Amino acid sequence: MRAWRSYVTGAAMLSYRLHKELVDGNGVSLADYEVMVRLSEQPGGRMRMTQLASEVASSKSRVSHQVARMEKAGLLKRSNCGEDGRGVFAELTERGARQLEQAAPTHVDGVRSHLVDLLSREEQEVLAKVFDRVITHLREVEG
């Protein structure tokens, strides 16, 4: 029970802190930052909406609303998938790429100071293995 409660509280506090630092320093939410990071890692800075939802562990509906909001802000654009008329791509715009580049140091510093630097190399490896296992299990359960 101690492990579970520590995880729940620690994860919530860490997410809040990282979100606050990004908003205060760069005017971007943690959720929007994560979307931009995932897109920036893809060829052409774009990915199908269904894949994006999976990557950020969110529902297709929630990501669709988030992408629509980010599109209005000029950070992303949506386009239809040529080979599949039902598919939609989200793509990082130049403005989004600049926003991401400006916000990245804030996020990296926050992750380091609030998590990574608090753990030994061995603890980092254990944490990664544990959550890789949890993610794999939950994706299998989802089907």
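Buried means under 20% relative accessible area, exposed over 50%, and partly exposed in between. The views below come from a predicted model.

**View 1. Salt bridges link E34, R38 and E55 into one network.** E34 has a relative accessible area of 24%, so this residue is partly exposed. R38, at 22%, is also partly exposed, and so is E55, at 30%. The closest N and O atoms of R38 and E34 are 3.7 Å apart; both residues lie in helix 2, 4 residues apart, or about one turn of the helix. In the salt bridge of E55 with R38, the closest N and O atoms are 3.1 Å apart. Because E55 lies in helix 3 and R38 in helix 2, this pair ties together parts 17 residues apart in sequence.

View 2. D24 counts as exposed, at 56% relative accessibility, whereas K20 is partly exposed, at 29%. The whole structure has 6 salt bridges.

**View 3. Helix 1 packs against helix 5.** The axes of helix 1 (residues 2–26) and helix 5 (residues 94–114) are 9 Å apart, at an angle of about 145 degrees. Their crossing is right-handed. Residues of helix 1 in this contact include L14, L18 and L22, and those of helix 5 include A103, T106 and V111. By class, the contact has 5 nonpolar, 7 polar and 2 charged residues.

**View 4. The largest nonpolar core has 22 residues.** M36, L39, L52, V67 and L76 have the most contacts inside this core. Helix 2 gives the most to the core, with 6 residues. Among the residues that L39 touches are L52, L76 and A90.

Methods. Residues are numbered from 1 along each chain as its sequence is written. This is a predicted model: local features need pLDDT of at least 70, side-chain atom pairs count only at pLDDT 80 or more; totals for chains, interfaces and linings use all residues. Side-chain values use heavy atoms; hydrogens and water are left out. Axes are lines fitted to C-alpha atoms, for helices over the stretch in contact, and angles run from 0 to 180 degrees between N-to-C directions. Helices (H or I, at least four residues) and strands (E, at least two) are DSSP runs, numbered from the N terminus. A crossing is left-handed if the near helix is turned anticlockwise from the far one by less than a right angle, and right-handed if clockwise. Contact means heavy atoms within 4.5 Å. Ala, Val, Leu, Ile, Met, Phe, Trp, Tyr, Cys and Pro count as nonpolar, Asp, Glu, Lys and Arg as charged, and the others, Gly among them, as polar. A nonpolar core is a set of buried Ala, Val, Leu, Ile, Met, Phe, Trp, Tyr and Cys residues joined through side-chain atoms within 4.5 Å. Buried means under 20% relative accessible area, exposed over 50%, partly exposed in between (1.4 Å probe, protein chains only). A salt bridge is a side-chain nitrogen of Lys or Arg within 4 Å of a carboxyl oxygen of Asp or Glu. Lists of a residue's contacts leave out its neighbours within four places in sequence.
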